[in-house]
Amino acid sequence: MFRAISNSMKLYNDAVRLLHLPAQIRAIATSAVLRNQQDDKLLTEALRGPTTSNGFTPMAPDQPKQKKTPAIPRPSSSVLLVSPNNQVLLLQRVKQSTSFASAHVFPGGNVSTFHDGEPPGPEYPERHEDSDIYRLAAVRETFEESGILLARNAGFGRLIEVPQAEREEGRRLVHSNQIPFTQWLAQKGGRADIEGLVPFTRWVTPTNVPKRFTTQMYLYFLPTLNQTPLSDASQAGGEVTDDSSETEVQIPIPTADGGVEHTNARFLPASVWLRLAQEGRIILFPPQFFLLHQVAQHFDRLPSPTAYGSLTREPVAREELEARRKRLLEFVKSGNPPWTEMCISPSVQPPRGGKRREDGRVVLGLHRPGPELEAMKEGWRRREGVREQCVLVDFKKEGPRRLEVVSRAEAMGQNEGSKL
């Protein structure tokens with residue numbers, strides 16, 4: 001015992017003497033001491049010992065890190081809004097935004113109890129399922145953020161047309177909660193077209209992010225506007241139906257919300273958005289990039305899945321536009337589970353063989369639904385995401401870069417024994 005105390009005091013005195021040496025000599029001496037791992041251990045134990053009487057504050061013993069309780073995901077909705085010529089609307093977030101700053105995103109936002117209703121509580125699995133509450137939030141947020149009304153005439157079902165000045169005033173009133181959205185719509189003779197929304201995956205923010213969301217994604221097809229006769233006209237409720245009156249509807253040009261949340265609003269082909277992201281000209285987060293990639297496979301006739309730059313500028317006949325929409329809808333309703341019911345919480349996958357990828361990117365697995373749904377009791381409907389595909393991404397300070405959608409085998413290696 002006395003020998004241990006003596007050795008500890010000797011190490012402590014040696015450490016104190018080192019502090020009084022010139023910097024260069026101290027560096028050499030310190031290096032020599034640290035080469036001996038056993039001495040390091042003894043020194044650490046000595047400094048944790050009862051040395052307060054010598055005027056030295058002892059080191060605190062190692063404490064296990066307390067895991068922070070993950071934030072509860074907030075219900076939100078988002079819309080992949082498809083233009084009459086099958087382009088997709090993206091909005092650029094303001095630099096000051098607390099989430100997705102400067103990134104290009106789909107229109108959408110949080111569910112509002114004032115406008116949309118009260119969502120189920122965190123303990124209920126229904127909180128993570130499609131419902132009229134999420135659909136109304138999707139329609140309202142699209143209107144607030146872009147000025148486009150996904151609403152139909154209460155009388156005969158056409159898409160409602162509201163003069164620009166009235167729409168801009170409505171955006172201001174609804175955004176500031178001065179009037180419920182459904183009440184404002186009723187005053188204009190319309191109702192939210194929640195039946196026209198097609199579920200297209202749900203995304204739950206990973207637990208390591210401070211602000212988390214459970215976001216229901218939707219597709220919505222604005223009617224094609226071309227005088228070419230159609231055998232199958234625009235869709236309603238996700239089905240292709242005959243409604244020639246839709247050809248006369250005037251779709252307003254999307255506009256940003258005056259810098260409140262967004263600075264730009266624009267329709268472009270899905271492949272163009274993807275190419276701009278890969279060139280580093282815009283910021284897309286993994287959910288947006290992944291879903292645009294799926295849309296591009298059906299809208300843009302690419303020679304290979306990631307050949308985004310090969311898109312031609314030739315006009316597409318209305319009949320072909322509708323055929324491509326039909327193929328996309330068939331795809332969304334396919335799969336096991338179908339894309340309409342998939343729930344995805346991206347998770348970084350461990351490097352294959354313990355080695356990082358040579359290109360520095362990480363692999364995001366898309367197969368897990370998030371801890372909230374994984375913890376649900378037996379008897380509830382099992383939710384899961386996409387097992388066959390992953391996203392490669394390089395997370396930079398300014399946002400995600402060098403994104404790429406690849407197969408599971410390519411992301412994790414050709415070894416069939418590899419696990420996500």
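**Close-up 1. Aromatic pairs in the model.** Seven aromatic pairs turn up in this structure, which is a predicted model. One of them brings together phenylalanine 290 and tryptophan 339, and this pair is stacked. Their ring centres are 6.0 Å apart, with 25° between the planes. Planes under 30 degrees apart count as stacked, so this pair gets that label.

**Close-up 2. Where the two partners come from.** Phenylalanine 290 belongs to helix α8, which covers residues 286-299. Tryptophan 339 comes from the loop between α9 (318-332) and β12 (343-344). The two are 49 residues apart, so to speak distant parts of the chain, and the pair links them. Are these two residues buried or exposed? Phenylalanine 290 is buried, and tryptophan 339 is buried too.

**Close-up 3. A cluster of rings.** Let's step back from that one pair. Ring pairs join Phe200, Trp203, Phe290, Phe331 and Trp339 into a cluster.

**Close-up 4. Helix α8 against helix α9.** These two helices pack with their axes 8 Å apart, at an angle of about 135°. That angle is why α8 counts as oblique to α9. As for handedness, the crossing of α8 and α9 is right-handed. Which residues make the contact? On the α8 side, look for Gln294, Val295, His298 and Phe299. From α9 come Arg324, Arg325, Arg327, Leu328 and Phe331. Phe331 has a place in the ring cluster as well.

**Close-up 5. A charge over a ring.** Here the view moves to arginine 202 and tyrosine 134. The charged end of arginine 202 sits over the tyrosine 134 ring, 4.3 Å from the ring's centre.

Technical notes:
Residues numbered from 1 in each chain as written. Predicted model: local features only at pLDDT ≥ 70, side-chain atom pairs only at ≥ 80, totals over all residues. Heavy atoms only, no water. Phe/Tyr/Trp six-rings, centres within 6.5 Å; stacked < 30°, edge-to-face > 60°. Helix = DSSP H or I, 4+ residues; strand = E, 2+ residues; numbered from the N terminus. Buried < 20%, exposed > 50% of the residue type's maximum accessible area, 1.4 Å probe, protein only. Lys NZ or Arg CZ within 6 Å of the ring centre and 35° of its normal. Axes fitted to C-alpha atoms, helices over the stretch in contact; angles between N-to-C directions. Parallel < 35°, antiparallel > 145°, perpendicular 65-115°, else oblique. Left-handed = near helix turned anticlockwise from the far one by under 90°. Contact = heavy atoms within 4.5 Å.
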